[in-house]
Structures are given as structure tokens and as C-alpha cells.
Amino acid sequence: MRQFISILETVTPTLFHGSTILFTKGTVLRPQSGGYVDHPDAEPQHHMTEEILERFRPENCIPRSKAVFMVDNPDLIDYAGGYTDHIYEVEPRV
């Protein structure tokens, strides 16, 4: 049986972000100051969910309130809790 060896250090998948905001090309996305529940449409359940997730967040992970969310399939944005008004292909930078 053949064995395949990866010669690439990393392969970055194409990632997408959904928003209610219309951004211009080249916009750098940053976390919202109040997190994703700081949206006019956020309901009390959203706040409760975020509080629970933060309470059990592993120490080595950044808080969700300091993250920009992306998916590798634009059809999954809605399922991931994102907005589909405007969908952007994004390039993550550390």
C-alpha cells in the first residue's frame, strides 16, 4: 500500500464570514467590543448561552467575545449562528 507524505506545512482552507454589515474590500474584521450578543437582535437566550460557554471555556482558548467567526462552507453560516445578509470570503491573519 502506498503512503502519502504531506510536503506542505499548512493548507489554509477558503473561509467565509457572514454579516449584516456591508464591508468594503480590504476591511479588516475585528471582534465586536461587546461580543456577538451585543447585537440589536440578540435575545436573552443568546446571553445565557454565551455565559455558559464562557464559564466552561478551556483556559488555552480565547474567549468567543474576542473572536471573529468563520466557516469553510458558506451554506453553514446560518447554522453556525451567523448572518447571511452579506457573505465574505476572508483570509485569517494572526
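Buried residues account for 15% of the 94 residues in the protein chain, where buried means under 20% relative accessible area, and this figure, like every other one here, belongs to a predicted model.

Some values for the whole protein chain are gathered below.

| Property of the protein chain | Value |
|---|---|
| Span of the C-alpha trace along the principal axes | about 55 × 35 × 25 Å |
| Distance between the centres of the positive and negative side chains | 8 Å |

The charged side chains number 8 positive and 14 negative.

In secondary structure, the protein chain holds 1 helix and 2 strands, which follow the pattern β-α-β when read along the sequence. Strand β1, residues 15-19, is largely enclosed by the rest of the structure, because 5 of its 5 residues are buried. Both of its faces are covered, with Leu 15, His 17 and Ser 19 buried on one side and Phe 16 and Gly 18 buried on the other.

The partner of β1 is strand β2, residues 86-90, to which 5 bridges join it in an antiparallel arrangement; within this pairing, Leu 15 has Val 90 of β2 as its bridge partner. Turning to contacts in the protein chain with a separation of 6 or more, residues 24 or more positions apart account for 72% of them.

Technical notes. Residues are numbered from 1 along each chain as its sequence is written. This is a predicted model: local features need pLDDT of at least 70, side-chain atom pairs count only at pLDDT 80 or more; totals for chains, interfaces and linings use all residues. Side-chain values use heavy atoms; hydrogens and water are left out. Helices (H or I, at least four residues) and strands (E, at least two) are DSSP runs, numbered from the N terminus. Buried means under 20% relative accessible area, exposed over 50%, partly exposed in between (1.4 Å probe, protein chains only). Contact means heavy atoms within 4.5 Å. Lys and Arg count as positive and Asp and Glu as negative; His and the chain ends are not counted. The place of a charge is taken as NZ of Lys, CZ of Arg, CG of Asp or CD of Glu. Two strands pair if DSSP finds at least two bridges between them.
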